[in-house]
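Today I opened my notebook to look around a structure and jot down what I found. Come along and check each entry against the picture.

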Amino acid sequence: MDFFSNLLHLVLLCISVSLIFLIYKQKSTRAKFPPGKKGWPVIGETLEFGMAGKRGTPEMFINDRMSKYSQELFKTSLFCENMAVFCGASGNKFLFSNENKYVISWLPPFFLKVLLPESLENISPEDSIKIRRAVVEFLMPETLQYFIPIMDSMAKKHLETDWSPYKQVKVLPLSMKYTFALACRLFMSITDPNHVTTFADPFALIVDGLTSVPINIPGTNFNRAIKAGKVIHQELLEVIQQRKKELLSETNATVARDFITHTLLALDENGRSVMNDLLISSNIVGLLLAGHDTTSSAITFVLKYLADFPHVYNEVLKEQMEIARSKGPNDLLNWDDIKKMKYSWNVAREAMRLMPPSSGTFREAITDFTYAGFTIPKGWKAHWTPHSTHKNPKYFPNPEKFDPSRFESNGPAPYTFVPFGGGPRICPGREYARLEILVFMHNVVTRFKWERSVSDEKITCKLSPIPVDGLPIYLKPHNHIY
């Protein structure tokens, strides 16, 4: 009897499991995934994605699939992950507005392997929040206004040393040198050029590694990038320890003179430091990476378009000369001066519309959700990109035309111009980048006019778009006196 009873229970159990499986299968079948294709097994469409960037046309990867599948959403496979690419202003708004509800920030694992110490590769959400909060607090406008005179004095010195002695220069490497040195000064109080170089050289290896095939064997760019990341973190930990000693020797140290000091002075409710040394180091790596690539890319293309459109250059020069003539011979720029640079900022924004310094970022779905009638399963990755809107004639008529007047009055519609992202995860360094770009524009246009020496220079994309020859230009110094 027991035998038949157990057999009956087993049969009923099998039937129950089968029914559950059929229901789940039916449910999965009913799920409507975004249109698109995933490409090759494992690697998906990663090669096509990378090649579009290498050709300098990353928007083509997006635009081709928007035309073929949907203007709102399509699926692909990038970095061995199922990926939903959100398109248009509505797609941007949805991702930006649903942080921590449907999605969280995500980076490909090989990025983390290069940028983070091994002990932080599986960084917790709590630590991620700490890192972002520290950056946001440090880059508040009330702090940034004190950076403006430092930016101005460093820009003047940079142009005097690295531009004025020469008839021809390459904009990209020099703008990288300036923005990286400035980041070292403001985030770490490092001013010695040799010390700056100890960080700049490994960062060049990191950029090459992050845009290469992530194969970690000796001799590959990726392997060199991992080693470079370790060198940078070791150097940063030494700087942090030195800063701790300096704080201990100071009485009543309450003013943060750089980002390291800011984080060391930040205490929780129990009087303990909110971040350990490794988190501080990781934070600075992110800040330096932005200073090394994105801002220098933006400055480079601003100068490119100013060379291409003399009437735009003349208007920028007129605006900046009015500010220059209002200053004393030894006066440095200040917050009020920045507020007068309205046309110059429109020019910079138009340059970033046509050549976004970032191709967007990624998210991870933390629950199943639907968008535009399609299901995005938990665990899928999501991607937003400025390339779905910045050159979209729906949002920007005659999108290939360089036209700073697009940003006059109310400017573009919300969520269409997104070089810095949007929502809770908007780039915390956007205002810092604005000041850095405008201060440099002021100094370079009031000192020089220039012409491109390679009229048809090609563009490629690493982490940011760059001219392949570094944008060589002929300098024509002004002979005016303010």
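**The cavity**

I looked up the lining of the largest cavity and found Gly56, Pro58, Glu59, Leu354, Met355, Pro356, Ser359, His387, Lys391, Cys461 and Pro465. A cavity here is a set of points on a 1 Å grid over the protein atoms alone where a 1.4 Å probe fits but cannot get out, and lining residues have an atom within 4 Å of a point. I noted about 60 Å³ of space in this largest cavity. The lining divides into 6 nonpolar, 3 polar and 2 charged residues.

I remind myself that this is a predicted model, where local features need pLDDT of at least 70, side-chain atom pairs count only at pLDDT 80 or more, and totals for chains, interfaces and linings use all residues. Residues are numbered from 1 along each chain as its sequence is written, and side-chain values use heavy atoms, with hydrogens and water left out.

**Two helices**

Next I checked helix α2 (residues 46-54) against helix α3 (residues 58-68): they pack at about 130°, with axes 5 Å apart. Glu48, Phe49, Ala52 and Gly53 of α2 make the contact (heavy atoms within 4.5 Å) with Pro58, Phe61 and Arg65 of α3.

**The sheet**

Then I traced an open sheet of 5 strands in the order β1-β2-β8-β5-β3, with mixed pairing. Strands pair if DSSP finds at least two bridges between them. β1 (73-78) and β3 (103-106) stand at the edges with a single partner strand each, so one side of each has no neighbour in the sheet. I also saw that β2 (residues 81-86) and β8 (residues 381-384) pair in the parallel sense over 4 bridges. Ala84 has Ala382 of β8 as its bridge partner.

Key. Axes are lines fitted to C-alpha atoms, for helices over the stretch in contact, and angles run from 0 to 180 degrees between N-to-C directions. On a 1 Å grid over the protein atoms alone, a cavity is a set of points where a 1.4 Å probe fits but cannot get out, and a pocket is an open set with protein on both sides within 12 Å along at least five of seven lines; lining residues have an atom within 4 Å of a point. Grid points are joined across faces, edges and corners, and a volume is the space filled by probe spheres set on the points. Ala, Val, Leu, Ile, Met, Phe, Trp, Tyr, Cys and Pro count as nonpolar, Asp, Glu, Lys and Arg as charged, and the others, Gly among them, as polar.
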